[in-house]
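Subject: Structure handover

Hello,

Here is the structure for your files. Please open it alongside this note, then read on for what turned up.

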Amino acid sequence: VSDIPFERDIEVNPGAVDDVAPQLRRIVAPNPSPFTFKGTCSYVVGRGQVAIIDPGPAIAEHIAALLEAVGRERVTHIVVTHTHRDHSPAAAAIRAATGAPIVGCGPHRPFRSWLEGESRPSESGADREYQPDQEMADGDIITGPDWTLTAVATPGHTANHLAFAFAEANALLSGDHVMAWSTTVVAPPDGSMAAYMASLARLQERTEATYWPGHGGPVRDPQSFLRALIHHRRQREAAILGRLRAGDRSIAAIVTALYKTLNPALQPAAALSVFAHMEDLMARGLVIAEEAPTLTARYRPNQG
Ligand SMILES: [Zn+2]
């Protein structure tokens with residue numbers, strides 16, 4: 001997909017502390033993969049009294065690297081954007097080591113319940129053990145001596161996803177909602193395309209100059225990047241409708257037609273992404289399922 005100005009040029013040294021902006025440090029976890037790029041980005045906000053955003057996967061070296069990065073500073077908040085296993089599980093160990101409360105997104109929940117007989121792909125990797133001490137809602141604020149973080153509800157990748165506006169840095173910690181290296185995974189029932197598109201539109205009304213995502217490097221021109229992301233999904237949606245009108249009836253057939261050069265490891269994710277569009281198109285009355293609307297169901301355009 002060449003219509004989005006992706007930025008994949010990032011040097012990463014897992015465990016190293018990068019001073020990426022004033023009052024913002026980044027430590028990348030040693031969990032690279034086709035879904036996590038170079039690994040999960042954990043962030044330390046402030047100096048002296050700090051918040052850790054997305055402590056990451058429960059990997060002992062990563063937890064040790066985070067604790068070493070903060071050293072004698074006081075951790076006042078452990079902040080979590082969403083409940084995927086590459087973002088939230090280390091929160092419990094950091095809480096045990098520092099005594100800081102876990103705040104941020106609520107416990108894991110899907111957008112809708114599972115359908116009868118629906119297969120459950122493991123890629124989404126939900127962290128069902130996560131329990132915050134304090135759940136934040138849209139607009140809620142936490143502060144330190146030199147930082148202010150405001151929760152920005154950005155559901156779509158997950159139902160509970162929060163981004164965090166860092167006012168003093170004119171930046172947004174964007175989690176997995178908006179990333180410079182790739183589009184995000186929107187996979188039902190954890191994900192919802194309608195919610196994701198609405199959350200992109202919400203960010204178009206904001207003015208932060210830089211986004212610091214959960215994977216990869218920063219988004220330096222967020223407004224043009226958001227326009228490209230929205231355009232990309234609309235084009236994808238039009239292509240799916242085009243395949244249905246041309247006679248394709250299954251998500252598998254549409255994936256084969258639309259993702260010709262895809263890394264085979266990402267094929268199941270592509271199918272879930274088409275499925276997410278299909279749910280959105282059904283909700284808008286543009287597509288009809290010929291049976292229970294699962295990943296393997298037959299679909300057709302609604303000719304009205
Ligand atoms: Zn995620």
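How do the residues of the lining of the largest pocket divide into nonpolar, polar and charged? They divide into 20 nonpolar, 15 polar and nine charged. Here, Ala, Val, Leu, Ile, Met, Phe, Trp, Tyr, Cys and Pro count as nonpolar, Asp, Glu, Lys and Arg as charged, and the others, Gly among them, as polar.

First, the ground rules. This is a predicted model, in which local features need pLDDT of at least 70 and side-chain atom pairs count only at pLDDT 80 or more, while totals for chains, interfaces and linings use all residues. Residues are numbered from 1 along each chain as its sequence is written, and side-chain values use heavy atoms, with hydrogens and water left out.

**Pockets**

The search for space ran on a 1 Å grid over the protein atoms alone. A pocket is an open set of points with protein on both sides within 12 Å along at least five of seven lines. A cavity is a set of points where a 1.4 Å probe fits but cannot get out. Lining residues have an atom within 4 Å of a point. Points are joined across faces, edges and corners, and a volume is the space filled by probe spheres set on them.

The largest pocket holds about 1200 Å³ of space. It has 44 lining residues, and Ser182, Thr183, Val185, Leu266 and Ala269 are the closest to its centre. Helix H4 (222–245) and helix H6 (267–283) each supply at least two residues of that lining. H6 gives the largest share, four residues. Helices (H or I, at least four residues) and strands (E, at least two) are DSSP runs, numbered from the N terminus.

The second largest pocket has a volume of about 150 Å³. Its lining is Pro5, Phe6, Glu7, Ala180, Pro218, Val219, Arg220, Asp221, Ser224 and Phe225. By class, that makes six nonpolar, one polar and three charged residues.

**The cavity**

There is one cavity of 30 Å³ or more. Lining the largest cavity are Cys41, Tyr43, Ile53, Asp54, Thr81, Leu173, Ser174, Gly175, Trp212, Pro213 and Gly214. Strands S3 (41–45), S11 (171–175) and S12 (210–213) are the elements that give two or more residues to this lining. S11 has the largest share, with three. Six of the lining residues are nonpolar, four polar and one charged.

**Cysteines**

How many disulfides does a search of the whole structure find? It finds zero; a disulfide is a pair of cysteine sulfur atoms within 2.5 Å. Cys41 is buried, at 1% relative accessible area. Cys105 is also buried, at 0%. Buried means under 20% relative accessible area, exposed over 50%, and partly exposed in between (1.4 Å probe, protein chains only).

**Two histidines in one loop**

His161 sits in the loop between strand S9 (147–153) and strand S10 (162–166). His157 is found in the loop between S9 and S10 too.

His161 counts as buried, because its relative accessibility is 1%. Its side chain makes a polar contact of 2.9 Å with the side chain of Thr154. The His161 side chain also reaches two backbone nitrogens: that of Asp176 at 3.1 Å and that of His177 at 3.5 Å. A polar contact is a pair of N or O atoms within 3.5 Å; within protein, one must be able to donate a hydrogen and the other to accept it, and residues adjacent in sequence count only if both atoms are side-chain atoms. Setting aside neighbours within four places in sequence, His157 is in contact (heavy atoms within 4.5 Å) with residues including Asp176, Thr184 and Asp190.

Best wishes
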